[in-house]
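Dear colleague,

I am handing over the structure below, and after it you will find an account of what was found. Please read the account with the structure open beside you.

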Amino acid sequence: MQIFTIPSGPLATNTYLFVCTDSKKCVIIDAPPESAGQIDKIVSHHALKPEKLLLTHSHWDHIADVAALKKKYSIPIYVDPNDLPNLTKPGSDQLPCWVSIEAVPDALPLQEGDSIPV
């Protein structure tokens, strides 16, 4: 397995790409502002195949580029059920945010104990 770390956005929030070196399939973890272009460069350069996007939580600095990545790669988005409202209506968590975030209404909830193949 190979792991790429990509700091992005005004807070240098990390995105991680977990890559199977045999199959070239990968999982994206978090999508901060300005991360989509950097992720795409790595995906293209290494001929990777994104399969899903996992969110550690839904603060704006972790979700700003989720919609762009979902559109680009047609991948499912997974998040804790308590964080779903902030994906369907960004900003509903009331955290100060100065970036525009597109809603993602069809994220899938993760439950305690779920297993996510990578």
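A residue is called buried when its relative accessible area is under 20%, exposed when the area is over 50%, and partly exposed in between, with a 1.4 Å probe and protein chains only. By this rule Glu102, with a relative accessible area of 44%, is partly exposed.

Please bear in mind that this is a predicted model, in which local features need pLDDT of at least 70 and side-chain atom pairs count only at pLDDT 80 or more, whereas totals for chains, interfaces and linings use all residues. Residues are numbered from 1 along each chain as its sequence is written, and side-chain values use heavy atoms, with hydrogens and water left out.

Strands β4 (residues 49-54) and β5 (residues 77-79) run parallel and are joined by two bridges, and Leu53 stands opposite Ile77 in β5.

The structure holds four salt bridges, a salt bridge being a side-chain nitrogen of Lys or Arg within 4 Å of a carboxyl oxygen of Asp or Glu. One of them joins the side chains of Glu51 and Lys25 (3.6 Å, N to O); because Glu51 lies in strand β4 and Lys25 in strand β3, this pair ties together parts that are 26 residues apart in sequence. Glu51 is partly exposed at 33% relative accessibility, and Lys25 is partly exposed at 39%.

Another salt bridge is formed by the side chains of Asp106 and Lys70 (3.6 Å, N to O). Asp106 lies in the loop between α4 (84-88) and β6, and Lys70 in helix α3 (residues 66-73), so parts that are 36 residues apart in sequence are tied together by the pair. Asp106 is partly exposed, with a relative accessible area of 43%, and Lys70 is also partly exposed, with 22%.

Lys71 counts as exposed because its relative accessibility is 56%.

With kind regards

Terms used: Two strands pair if DSSP finds at least two bridges between them. Helices (H or I, at least four residues) and strands (E, at least two) are DSSP runs, numbered from the N terminus.
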